[in-house]
Amino acid sequence: MNTISRRELIRAGLLFATQLFTGSNVVHAGSKKKEAKEPAETVFVVGAGVAGLTAAARLQESGFRVIVLEGRSRSGGRILTDHSLGVPLDLGAAWIHGNSQSNPLTKLARRLNIATKKTDWDALWLYDFDEGELADHVYEKIDRKFEYVLEQLYEAQEIVGEDRSIAESINRIVKHTGTKGVVRRGLQWYLTSYIETEYAVDFEDLSHRYWDEDSAFSGDDVIVKPGYSQIIKGISKGISIEYQHVVQRISLNAKGVSITTNKDLFKGDRVVITVPLGVLQGGGIVFEPELPDKKIRSINRLAMGTMNKVALRFPKRFWPKEAYILGLLENTTKEMVEYFPLNPYNGESVIVGLARGRHARSWEEKSKEEVVEEAVTDLRGMFGSSVPAPSASVLTAWHSDVFAKGSYPHVPPGGSLSDYRVLAKPIDSRIFFAGDATTASYPATVHGAYLSGERVAREIIKSTSHPESIDTEPGSDR
């Protein structure tokens, strides 16, 4: 069994000192609303994901009239809890990263009495295609090489240019380690898990300069036992949501904003845009007048990664009961899948496989049966030919999803963290932007989206001199 933890290495200070931010002191769902002293302005929120629902809740608490326009027939966006395998299964976001009290999601989960369960990143079982289960002394060798490569990556990060991909640096450093055989395959697996799976992208498409430059909350990573949708349910309570309204056009004029959907025309004072980066890049929403050139450039300089999941239910467990993560070592990691058994969380014989980047997108071009067979072949490579066929399965396709166009954003070569900040800037105090691509501190996270919703609510309150009911730390998510 392995002794490495990709996150604990960082927290222990071996390689990188993580900057911790203090969480906001906010008014949450269920708190008393302030009565508006003047006629309420109407604010439309485009998108019923975490950012949109949080902004809507805060603005409604402050007396604004708020209407959320959502293209799907459900709320949650890239949070989706599925029950078709008989257990709560999060097909999108699954973890609360850093369960300290400074993380607003931790506070919210506790306030809503939603149970969570820690992920033990150390409980990793790796199997080599040629040599079987790895022995402890092999893990130790891989650990040392992995620490060395990370140290070199962090040192080089200080001098590399913005156009440098992390692939160039990794290839050079790994080559100098002189590793061969199972240790080399293990090192490749670690790096792919730590970087590519974490960012839902291939090394070639990730900036080295801005890799791991975001902030993090302290504490453990935890899954939401009844499913993340319970948090969505808690945030959205009492909010007016118009479903299956696909926003097509947003027009700005002297009196306010007009929003054209596939069903109707809405007019109001302000609008909050919370659609994912991939949707903005795809031009699904037309802006009149066009967005500022600087904002368009930043939208196009950022990129959307893809993380797809295949979930398999088996008649009984055939893997180690204590395992939280399973992996198969091969000569290449191009089609590597990271497997997460669910029995440590709920006792069920379900395994979830995670694929990233190009490999994840390739799944969307295959049949479900082909993807399931790929996963079963991996598991048989670990545990032998007696591994049975799964009794049921679920497969995601986030890249093809017209309301997502991917899983979460990252900075590719040529981009910058400042592009997140540019995307977050409002237009004429009428059009505002929130979401996981509008925070440089916590991009690509649920808590980042949550904090961006609070930030945009503050911006609207400030721009209208409206009585404020949100006591938060200004700029905490920017």
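Which residues in α5 meet which residues in α6? I166, I170, V174 and T177 in α5 meet R184, L187, L191 and I195 in α6. The model is predicted.

## Helix pairs

Two packed helices are described by the angle between their axes and the distance between the axes.

| Helix pair | Axis distance | Crossing angle |
|---|---|---|
| α5 and α6 | within 12 Å | roughly 155° |
| α2 (50–61) and α7 (229–236) | within 9 Å | roughly 25° |
| α3 (104–111) and α14 (446–464) | 9 Å | about 90° |

Take α5 and α6. Their axes cross at roughly 155°. That makes α5 roughly antiparallel to α6, because angles over 145 degrees count as such. The crossing is right-handed. By class, the contact residues of α5 and α6 are six nonpolar, one polar and one charged.

Next, α2 and α7. Here the axes cross at roughly 25°. Angles under 35 degrees count as roughly parallel, and α2 and α7 are therefore roughly parallel to each other. Their crossing is left-handed. On the α2 side, the contact is made by V50, L53, T54 and A57. These meet I232, I235 and S236 in α7. Five of the contact residues of α2 with α7 are nonpolar, two are polar and none is charged.

Last, α3 and α14. They pack at an angle of about 90°. The range 65 to 115 degrees counts as roughly perpendicular, so α3 and α14 are roughly perpendicular to each other. P104, L105 and L108 come from α3. Their partners in α14 are V446, H447, Y450 and L451. The contact of α3 with α14 has six nonpolar residues, one polar and no charged.

## The second largest pocket

The largest share comes from α6, with five residues. By class, the lining of the second largest pocket has seven charged, six polar and five nonpolar residues.

## Cavities

How many cavities of 30 Å³ or more are there? The count comes to three. The second largest cavity has a volume of about 60 Å³. It is lined by 14 residues, and V275, A434, G435, A437 and T438 are the closest to its centre. Nine residues of this cavity lining are nonpolar, three are polar and two are charged.

## Backbone details in loops

Two loop positions deserve a mention. The peptide bond from E288 to P289 is cis, with omega near -5°. P289 sits in the loop between β15 (286–288) and α9 (293–301).

The other position is D212. Is its phi positive or negative? D212 has a positive phi of about 55°, although D212 is not a glycine. This residue lies in the loop between α6 and β9 (221–224).

Methods
Residues numbered from 1 in each chain as written. Predicted model: local features only at pLDDT ≥ 70, side-chain atom pairs only at ≥ 80, totals over all residues. Heavy atoms only, no water. Axes fitted to C-alpha atoms, helices over the stretch in contact; angles between N-to-C directions. Helix = DSSP H or I, 4+ residues; strand = E, 2+ residues; numbered from the N terminus. Left-handed = near helix turned anticlockwise from the far one by under 90°. Contact = heavy atoms within 4.5 Å. Nonpolar A, V, L, I, M, F, W, Y, C, P; charged D, E, K, R; others polar. 1 Å grid on protein atoms, 1.4 Å probe; cavity = no way out; pocket = protein on both sides within 12 Å on 5 of 7 lines; lining within 4 Å. Points joined across faces, edges and corners; volume = space filled by probe spheres on them.
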